Amino acid sequence: MNFETNIFETRKMHIKRILFRIAPILFAVVLCILFYMGITHTQKDSLEKEQVTLTSALEGGAVRTYALTGRYPESLDELLSDYHITYDTEKFVVEYIPNGSNLLPSISVLPLNARKGDSR
């Protein structure tokens with residue numbers, strides 16, 4: 001690398017030389033930021049789709065049980081075991097509130113926030 005200083009170098013030439021050396025680093029940083037933002041967005045979309053899928057599976061199972069037996073499942077465990085539904089308990093909390101044998105139970109699937117300060 002040439003460490004000699006050019007005494008005839010203008011300020012504009014000096015700034016261009018510095019920017020030319022820094023440009024690859026800035027490009028790499030911007031690329032990493034865009035990559036991180038893309039992954040974060042994809043993870044959020046994936047979590048929302050899992051939540052919707054789990055909710056519809058639970059509600060569908062409850063309705064099928066009612067169609068076959070004339071009553072809704074009495075508990076979440078009964079519904080999960082009858083239809084072999086599994087979910088990640090570290091990602092979601094499922095609230096199952098029966099409203100009687102002939103009323104559709106209240107089923108809520110809520111995502112757990114894995115990171116502190118996450119507002120999902």
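Q: Is G70 buried, exposed or partly exposed?
A: G70 counts as partly exposed because its relative accessibility is 44% (buried is under 20% relative accessible area, exposed over 50%, partly exposed in between, with a 1.4 Å probe and protein chains only). The model is predicted: local features need pLDDT of at least 70, side-chain atom pairs count only at pLDDT 80 or more, and totals for chains, interfaces and linings use all residues. Residues are numbered from 1 along each chain as its sequence is written, and side-chain values use heavy atoms, leaving out hydrogens and water.

Q: Where does G70 lie, and which residues does G70 contact beyond its neighbours within four places in sequence?
A: The loop between α1 and α2 (76–83) holds G70 (helices are DSSP runs of H or I, at least four residues, and strands are runs of E, at least two, numbered from the N terminus). With those neighbours set aside, G70 touches T65 and S101 (contact means heavy atoms within 4.5 Å). The C-alpha atoms of G70 and N102 are 7.3 Å apart, although 32 residues separate them along the chain.

Q: How is an aromatic pair read?
A: Rings of Phe, Tyr and Trp (its six-membered ring) pair if their centres lie within 6.5 Å; planes under 30 degrees apart are stacked, over 60 edge-to-face, and the rest tilted. One aromatic pair is counted here. Y66 and Y72 are stacked, because their ring centres are 4.5 Å apart and their planes meet at 15°. Y72 is buried at 11% relative accessible area, whereas Y66 is partly exposed at 32%.
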